[in-house]
Amino acid sequence: MTDALSAPHHTFMRLFTFALLSVLSAVPAFAQSSISNFLLEETVIHSGTGGQFESAQKDYCAAVVKGGAPACLIFSVSTFGPSDRYFTVLPFGSFIHYDQGKYTEKGLTHEEAKALSARRIPPIASNHESAVALHNDLSILAPNDTPLNYFTEYHLRPGTLDDFLAIIRKNMLPAARKSGVESFEVITTTLGESPDRVFIVTRLRNFASFDQPDPILANMSHVQRAAFQQSLTADVEHVETYVMRYRADLSTDPSADASAHSASQ
C-alpha cells in the first residue's frame, strides 16, 4: 500500500483485459454498451495448498461455463503483490441472472457440486465476491495476447468518483491513446465492495517494462499532468499496485478457444 502522491503510477501495462475482447463477444448485446458487468471473486488460500485449489478451481470454471457463464477467467499474483491471492472473473449481462440461480446449479448435479465443494473449500482462507463494471468508453480494449496484468487499485475519498473518472477521460485516456499502449482498462465497483474502489489495468509483456518511463505520464501535457496530480491529492486516499498472471491453464473461455481454433485453420 502506498501514499497516493508517492506511488509510482506505471499505468502502462495490462488488465484484467479479463481476456476481454473474446469475453465481450460472448456477453449479450445489451451489456455491450458503455458498461460491461463482471463478477469478481477474490480468493486468498492457505499457504501450500495451491495445487489443490487450482485443480478444484479449474473444474469450477468448467462447471460454471457448462451452466451458462460466457467464460470463467482465473488470475494469480505474479511475484509482486499479496501471496496466495487469486481473482476469478465471470462476465454477466444483467443482474437478473442472480434471480435465476447459480451457474453451478445448472452445470453440476447435486452430488457433483457437493464433491467439488469438498475439494475447493478447504484451501480457502478467505473469499470475497463483488460486482464490477468495465467502462468501455474510458478504456482501450485489445485481444489477450500477454499473460501479465498490471493493476493500479485506487481507493477514493467518498463522493469523488465522478471527478476522478472525469480526470481519466480528459487526461489519462488521451495520453494512453497517444502513447500507443495496447490496453488501458478502467473498472469501478458496483456491489459487494466499496463503490470508491477503482481499478486501472494495463498489459505487461515482461517485467523489464518497469525499467522504462511510464508511457502514459510521458504523453501527458504539463497541464494534463498537473490536473492528474491534483486529482491524486484531492480524490485518492491510497493506491495499491500488483501484477497478476492470466491463467489460461485454469480458465475456461469458449470464445478464446474458438478464436484460436479459427486462427489455426
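Mentor: Angles under 35 degrees count as roughly parallel, over 145 as roughly antiparallel, 65 to 115 as roughly perpendicular and the rest as oblique. This is a predicted model, in which local features need pLDDT of at least 70 and side-chain atom pairs count only at pLDDT 80 or more, while totals for chains, interfaces and linings use all residues. Residues are numbered from 1 along each chain as its sequence is written, and side-chain values use heavy atoms, with hydrogens and water left out.

Helix α2, spanning residues 50-66, packs with helix α4, residues 110-120, at an angle of about 150 degrees, their axes being 8 Å apart (helices are DSSP runs of H or I, at least four residues; axes are fitted to C-alpha atoms over the stretch in contact, with angles from 0 to 180 degrees between N-to-C directions). The two helices α2 and α4 are therefore roughly antiparallel to each other, and their crossing is left-handed (the near helix turned anticlockwise from the far one by less than a right angle). From α2 the residues Q52, F53, S55, A56, Q57, D59 and Y60 meet L116, R119 and R120 of α4 (contact means heavy atoms within 4.5 Å). By class, the residues of this contact of α2 with α4 are four nonpolar, three polar and three charged (Asp, Glu, Lys and Arg are charged; Ala, Val, Leu, Ile, Met, Phe, Trp, Tyr, Cys and Pro nonpolar; the others polar).

Helix α5, residues 161-179, and helix α7, residues 222-235, have axes that come within 10 Å and cross at roughly 155 degrees, and α5 and α7 are therefore roughly antiparallel to each other, with a left-handed crossing. Here D163, F164, I167, K170, N171, M172 and P174 of α5 meet Q224, A227, F228, S231 and D235 of α7, a contact with six nonpolar, three polar and three charged residues.

As for confidence, the chain averages a pLDDT of 85, with 83% of the residues scoring at least 70 (the scale runs from 0 to 100).

Methods. pLDDT is the predictor's confidence in each residue, from 0 to 100.
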